Amino acid sequence: MIVRPARCIALAGSAVLVLGVLAGCSKPGSSNTASTGSSTGPIKIAVVDAQSGQDSSLGQWEYDGAKLAVSQWNAKGGIDGRQIQLTVFDDKADPTTGTDIASKLASEGFVAMIGTAESGVTAAMEPTLEAAKIPNITSGQSPALTKSGDPYVFLNGPTSVTYDSTLAAYLTGTLHDTKIAMITNNGAYGAGEQSSFLAQLTADGLKPTSNQVVTTTQTDFSSALTAIKQSNPQVVFIGSEEVEAGLIVKQARSLGITVPFAGGAPQGTPVFIDTAGTANVEGTIVSSPYLSNDTSAASKAFAAAYQGAYGSAAELHGAKAYDGTEILLTALKTSGLATGLKLADAIRATQYDGLLGDFRYDKTGVGIFKTSIGIVKNGSLVAVG
Amino acid sequence: MQVFLQTIVGGLNLGAVYALVALGFALVYRTMGLVNFAHADVLMIGAYIAATFTVSQHLPFAVAVLASIVITGVIGLFIERFLRPLEGRDFDLMLIGTIGFGIVLESVATLIWGATGEAVPSPVQTRPLVVFGASVPTYDLVVMGVAVVAMLALSLFLERTRRGVAMQAVAMDYDAAKAVGINVGRSNAIAFAIGAGLAALAGALVGPELYVSPTMGGSIGIDGFAAAILGGFGSIPGAVVGALAVGLLNSFSADYFQGYADLATFVLFAVIVMIKPTGLFGEKTVLRA
Amino acid sequence: MSTAVAAPPHTRQLRVEDLSVRYGGVRAVESVSFSIAPGEALGIIGANGAGKTSTLRALMGLVPRAAGTVRYGERNLTKASAHTMVRHGIGYVPEGRHVFSGLSVEKNLLLGGYSRGWRKANQEALDGVYARFPVLAEMAGRPAGALSGGQQQMLAIGRALMPKPSLVLLDEPSMGLSPKLVEEILDILTGLRAAGLSLLLVEQNAELAFGATGRCLVMENGRVVMEGDVARLRADDRVQRSYLGL
Amino acid sequence: MNPTLNPLLRRYRAPAGYLLLAVLAYLLPYQLGSYDMHVLDTAFVFGILAIGLGIVMGIAGQINLAQITLMGVGAYTTAVLTTQENYGFWVAAILAVLASGLVGLIIGVPALRVQSHYLGIVTLGLSLAFTDWVTTSTLAGSGSGISGIPVPPLGGIDLSDDYLYYYLELVVFVLSLAFGLFVVRTRLGRRMRAMRDDPLAAGSGGARIPVLRMTAFLLAGLYGGVAGVLYAGLIRFVAPETFSTADMFLLLAMVVIGGRQSLWGCVIGALALSVVQDELTDLSTYAQLGYGIVVVITAVVAPTGLAGLPGRIRPLIRRQREQPALAPFQPYPATAAARETATGRELLRLDAVTMRFKGLTALREVSLSVGAGEIRGIVGPNGSGKTTLFNVISGLYQASQGTVSFADRHVHNLRPYRLSDLGLSRTFQNLRLFRELTVREHVMVGLDRTRPGWAWRYAIWPVGVWRAERRLGAQADELLDRYGLAGFAKATPYALPYGIQRRVELARAMAGEPRLLLLDEPAAGLNATEKAQLVEIVRSIRDHGTTVIIIEHDMGLVMSLCGKVTVLAAGQVIAEGAPADVAANPSVIEAYLGRAAAPRQTDAAEPAPSKTKEPTV
């Protein structure tokens, strides 16, 4: 057989044209936008959190909390007779991975998403989730998340402004501390803490005695801590994740800083306490919406169930995710398994008295505006007064 | 003044840790010509083994450290067999091959110990010494002491013992080493095992200062490698001096530049390497490099 | 000259048969056979690139032997790897010296006796080498790389003598040395023969080979083209022609 | 099959293949779900980034562990300019690409001083410095990154749609790959590959090593910039974590698994690993484990990656084809001008050149004068300093004392490439060929006499580059014919018999039509026939007007070829003159055969060994 190359090319060219026409000259993808939420089969909900890397303990707690809520609902027969299927995705605390996962959720028909624990990752995912109309109950606490006007984003806890204003009010108002030093890291969480706590101090007419910034990879804090020591504060505000904060406190004690530290959610976690050493964190002042497992009957029940399921003690992040999941499932039930904007509206309308407090969502997606002050005693967090 | 002194103390302590890491890099390079980017992950394995012994088995810290050194050293023998084809290869392949192996070790650690990591309590609980107003934590002194002892022991081993001198000979002249009867393969395996043992020592010692997790190797490894390069790659005293320099560089840039500490450190490092490419003590060249 | 390094008289004969070496597709050595009687000195001479060094390296096992057998005394060493040769009593002085340049002279010598142990096991041999080469004793602490060419050559020979071999393979010990030093090398080799060692000397410098050995092979293009007594070869102007291309 | 059909098929096979690829690429989105589309879009960004890494690392041999940072610079610049300075997307994009190019140059500066693992750690450090900067600086949005990057406007096409964005990426990707391949396969890339394989030989052939290294980093920066812009337009969010060391190692793995020395390999590696990585995202730990193992195995077993596999498998399955024979050399036409130059005017002069290494003296007051049109032999026993002499003349070493002049110029401080420009060319004792270049490319490297400024044409007038390339190719074919190498044009030299490798090196050295040719043991390893051919070739070269200095051990060859011979022993000139006279000189005979034939001298000096190694760069 003799094939003339010219004809070959012509053939291929016309093939392209024909195929293009066959494809309807329409843009691809328009025909197969995944419908969010089919009407049969399990209800698909995603948990997106770091399951590997430095922040994986957060991710594990959140997944456990969400899983607990889902299994309790499923045990009671699910919603409208349909089981809830929870799938976990590892975002590696990386925003790019987050955006990939957001697209994946959109194309695979997930109705809602729980997580992430990193405000940065959530912010990266937001546009995609908004476009796909997937409500997202995040554990992030950055005030920036509330400012986008995105109707699909909800926080399962207070923003860092709440954490820090409560803390500042306690330090300056209750304890009458005026000499407050600050040490924060330059990461997303630390930078957010620094600006909101500093804003509170400024509002109270105070200046920090020393305002130290460290990097997220730093392991020696001698110079920052010595500067803080020399500024002779009554308390040191710390804005950093569990492990680094633990190392900071540990080194501070060995440098002879004896005053208490004060901080937000990370400072109430077992990882922080273990890393620093129980003796070193004694007296640490923590602003948290969930101080301990025995503040209420609900929290006792939650803690018991958590202990039973995972063999470890529950803490704030698990509780947050549990609350968020409960709110989501309640909204799904009340809305009759709605999806998209309807589901978001249902979440917004849900009034839920949970482990962290009473959720009443405003239009920015924040449902809780209160934290409590606790103090670390003998390695666990105890409510004040 | 106090900040200055304390910064020095902090820098020296960091430096002591980096020294232990850099010694391992230097030893493996000097005796085998292998640039082992998995070294920091071997360190992580060592740290985990020591942490497991202290936290779960409640063994005394010193015993746990020794056990970790021995076990990691034996693991090192296996790793060397795996990496043997990379010895003396071009740098790209060593780089990617050993990085790949590091990823393997990280995932294995995650499978065994989980991703979340473990805090190791400090084994020494006495109050810090105060020198000219600067506090020197006792554990820091332990680490520095061990680093010095390790450097001396390693120098003695390489300079005075039959096996140590033979290892150097292998790196200097492969064929001549064979001709005098040195089993080159075995010599390299032992060199790597010692390097792994050193990594384990470093890992076990930094465990209580840091937090043991599968990804802990990353930044320690980069700083330790930078230290080895700065001192003159392959030089034993160079590794220690380079490590102290990198430690001080780190802590002083943290002092002056705060959030921009890494930026300052690495730009300065780049400038130093360009001015003095063979490091402070000069590269101990191996033939193949 | 002291004979402290002399090995006890030995009775082993080296027999090499049909030895070939290939690098990629190139045949560097083609089916070379020879034998060395106990206490005999054999020379291999020839112009550069004739395959002399490859023959020696293949004998040592430093390059793969493509074919052939190597026997030393009772032992078949055809498959022996390089690092075991020294245990069979074979010392090797590589082309271009190849001393461990970053290590001190003394450590170089001790490494020569590596197979026997370290300082204690080698002290006697070390004293013997120092007696033979007093200059090495003077330089004992200096890095080998800082030695002059002649001194490095002595070091390389001394290193090969440390394990008290019965056969020494020398690859171009005269390379890059002044005539006066070549003379010294000749004296050294004569001394080794007198001590009862077997020698295999690869040399470009034919006069050195003629002076140090009793019998020589002449190689050209990977093959042995002539073989005979030194006296006969010395008179044969084909040798000179082979060198000078006349 | 009809054998006459083969050439036709072969000719159109490649275009047809490309066409098929184009059709598939066009239709692909119609088969994919929206998530797969997003994954593919991300994969293309990495594909473009991988081309940049392929060029700098695979082609130019420069370790760059900051490639991901270059993408970060592009993405961050776009983000900052659009969100904070209110620039339009495309204006920001252009500035971003330029910024990345500039940062590429900055990151490349250390490559002028250090290589290999030193360069690795320095670039890695600079990459961490960048991460630190964007994490801390409020301009770059601090730790929380920058969101709200606008959708790139494109004449009413909604690029927020992953499907349509794919087509934009496809176009950019194809252009990037095409330009990359164009660079790699034309003279700039050829010189880079030559530099990678042997910087010394490339430098001696006229390549400006520092300029080439910087150019490679510039290209890496530009590619990083393009990838960064596309990333910014696709994800519309940037954060420090995205440009992390872990991602850098992933990129490195893509390039190594794909095959770093082939841009196609880099691209395929990047696309494949991006997609596979994503498929396995639910099995994170096991995926990591598998990925680590694959990387190790690739490094150990298949160092050339996927792209190298066909080349390794082909010889196994294909029957050993008849090796074409080395064709006879076709003598140069002897020109009148050449005869003119052969009047014996002095071309090269060395005055009392001494070369010392750490206390060892390799050359001692060597003086030498070579006239135009000569064939000068340099002989002497092993280690007498002959190669050191060549290294001094060709600029690899700088003499400790004494002066070298070439064509009436003092040249003893000039770099090898400057000497090459002046018309000096050489071969090497141990054959310094470029491992991965074909025979034809060797000759083309030799023919390429362009200066670095020429490279601007790649940006401004690629058609001109293409035309010049065709002319160069024609010249190369002519030269291959002349040296009888036409049958081996596409072979890599290390697979060829030794004699042919020698011929290749000679052709490369002669390609630039030098005034002076230094041959270092050109007959070593040649058989008698090949030696005879060599004599013929060297004579023709001289008749063509090139002066030749030859180091050779084969005295027969020297005798028949050289008009004059200089004898070196222990770093000193001991005799000079006509071959026959020199061969009869007692001190020469002594130097060669030993001293018995000559009277003893009382030579107290102790010349050092001068078995010098080639310096390494």
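## Chain A: what's inside

Of the 385 residues in chain A, 59% are buried, meaning under 20% relative accessible area with a 1.4 Å probe, protein chains only. This is a predicted model, where local features need pLDDT of at least 70, side-chain atom pairs count only at pLDDT 80 or more, and totals for chains, interfaces and linings use all residues. Residues are numbered from 1 along each chain as its sequence is written, and side-chain values use heavy atoms, leaving out hydrogens and water.

Chain A has 13 helices and 14 strands; these are DSSP runs, H or I of at least four residues for helices and E of at least two for strands. Take its contacts (heavy atoms within 4.5 Å) between residues at least 6 apart in sequence: 69% of them link residues at least 24 apart.

## Chain B: fold and size

Chain B comes with 11 helices and 4 strands, and 64% of its 289 residues count as buried. A compact globule with 289 residues would have a radius of gyration near 19 Å, so the 18 Å of chain B agrees. That radius is taken over C-alpha atoms, and the globule rule is 2.2 Å times the number of residues to the power 0.38.

## Chain B: the annotated spans

An unreviewed UniProt entry marks "transmembrane region" at several places in chain B, including residues 6-27 and 59-79; such annotations may be inferred rather than shown by experiment. Residues 6-27 of chain B are 100% helix, with end C-alpha atoms 31 Å apart. For residues 59-79 of chain B, the helix share is 90% and the end C-alpha atoms lie 27 Å apart.

Conventions: Chains lettered and ligands numbered in written order. Buried < 20%, exposed > 50% of the residue type's maximum accessible area, 1.4 Å probe, protein only.
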